[in-house]
Amino acid sequence: MLTDTRVALPSQRRLADHRFFAALLLLAAALRVVTMLGYRPVTLYWYDSFTYLDTAVHPAPSATFHPIGYPLLLRALLPFHSVELVAAVQHAIGLSTGILLYAVLRRRSAPGWVAASATVPLLFDASFLRLEHAVLSDTQFIFLVVAGPAMLMWSPRLSVRAAAGAGLLFATAALTRTIALPLLLLIVLVLAVRRVGWRPLAALVLAGSLPLAGYAAWYAQHHGRFAISGADGVALWARTMTFADCARIQPPPDVARLCPNGTKVDAASEYVWAPGASLNSLPGDRFTHNDLARSFAIDAILAQPLDYLAEVVRDTAIAFSWTPIPHPDRTTPAFGFSGGHGELPDQPLIDKVKREYDPAIRGLSSVSPYADFLIAYQYAAYLRGPFLGLILLLGAVAAVRRPRVALLPWAVAMGLLIGPVAVLDFDHRYVLPVIPVACLAAALAFHRRPWPARHTHGRGRHGFSVGCPSCPEYVF
């Protein structure tokens, strides 16, 4: 009896295995087209967006909260003089981040449906659409903090080249958002615990340190001290204003000028800008007192460590609420797509940026029916806080079950969640980089059983082996 047995080639199986993700990627790309059509030209924030654009035209290390990483991307796009092109590139970066997330999960044996599902929050949450459509550093930062762990996880054995590449990625992330600087130290610690070897560790540290040292030297030429930022002390001082008790701290007289003075605001970060806050009552610009502010903050944390920890825990817990909590009250924590037209404030910096970067810059306008769709879509397409908690919990399970693979992204996710709160304050924007890295860790809890290799003592007529359940497995 003759039997016609048709066996799918491995390449055909692989292509079929990616169809679900390909469909998701196509839908996500369509959503980004709708976003660009629905809101013209792009979302511009005073004063962050215009500071970035101005730095792109006149590169210089910032003494405030805006390091050079993102302005360098804007400068690369400067010849086109179009903030709409900036948004288009950022939407492409968002899609690329999803592809990278999917690729590393498949590389580390996650089932196709699990790997594709892990990209859903990044590709479809309306909060990511809004960030990609704004002149802000977040989209670039998210790509970098996903790409760094992906490079470290790509192969079971970490090579010196991969470690050096990851070091460069995390250095670039730190020059985009300074919160990535402690992340680099966290990654070194995790890799040391994993005993990856001294050569990859040395390559990671060296590749991560050299760009930061070069930037710090450039910073010193402009501001007189070897540093990455001139705002770290101000940020940490603001963090302590919610609990500091100078009767317990007993700071020296020069530092005591930064004690709480009775000014009350609704979030720690608001103390940076509150006119009545003690820091802003000192002569000169607030950032000229950065070292003094850091001294006060360190004294406050050492004198009141439990109070500091309680504030960090309380503010971090905001991320897990079902209904987004405004923090501070003046912010819109979610569901920010709306209709209408917004005017830009009358500021000299805006006029300067319009002349030098894009003369077509104007207030944001919604365009029907695309904006109407996004306004309705955003209420369903939002990752609620308890689901983020479940993802992080699943990532913790994966880190315990598969520490050599899942511990690194889970540690990065937790660092991204707690770090900003520990050094300044909670912000819903700061939670978004956590999501794709947490999904990466969580998806690793599911491990695809590799296809069994098919062997005989010879080859079939198509050239690949058939039949032997006891032979070694082949992992795709």
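What is the relative accessibility of Arg-314?

Reply: Arg-314 has a relative accessibility of 49% and counts as partly exposed (buried is under 20% relative accessible area, exposed over 50%, partly exposed in between, with a 1.4 Å probe and protein chains only). The model is predicted, so local features need pLDDT of at least 70 and side-chain atom pairs pLDDT 80 or more, while totals for chains, interfaces and linings use all residues. Residues are numbered from 1 along each chain as its sequence is written, and side-chain values use heavy atoms, without hydrogens and water.

Arg-314 is joined to Asp-315 by a salt bridge, with 3.4 Å between the closest N and O atoms (a side-chain nitrogen of Lys or Arg within 4 Å of a carboxyl oxygen of Asp or Glu). Asp-315 is buried, at 2% relative accessible area. The count by this rule is 14 salt bridges.

Another of these pairs is Arg-429 with Asp-138, at 2.7 Å from N to O. Arg-429 belongs to helix H22 (residues 428-431) and Asp-138 to helix H9 (residues 138-153), so this pair ties together parts 291 residues apart in sequence (helices are DSSP runs of H or I with at least four residues, numbered from the N terminus). Arg-429 is partly exposed at 28% relative accessibility, whereas Asp-138 is buried at 0%.

Arg-225 and Asp-291 also form a salt bridge, at 3.8 Å from N to O. Arg-225 sits in the loop between helix H12 (198-223) and helix H13 (232-240), and Asp-291 is in helix H16 (residues 290-303), so the pair ties together parts that are 66 residues apart in sequence. Arg-225 is partly exposed at 24% relative accessible area, and Asp-291 is partly exposed at 39%.

Arg-384 is buried and has no salt bridge. The nearest side chain of opposite charge, that of Asp-125, is 9.0 Å away (Lys and Arg count as positive, Asp and Glu as negative; His and the chain ends are not counted). Arg-384 is placed in the loop between helix H19 (370-380) and helix H20 (385-401). Its side chain reaches the backbone oxygen of Trp-322 at 3.0 Å. Apart from neighbours within four places in sequence, Arg-384 is in contact with Ser-321, Trp-322, Thr-323, Pro-324, Phe-335 and Tyr-379 (contact being heavy atoms within 4.5 Å).

Note on methods
Helices (H or I, at least four residues) and strands (E, at least two) are DSSP runs, numbered from the N terminus. A polar contact is a pair of N or O atoms within 3.5 Å; within protein, one must be able to donate a hydrogen and the other to accept it, and residues adjacent in sequence count only if both atoms are side-chain atoms.
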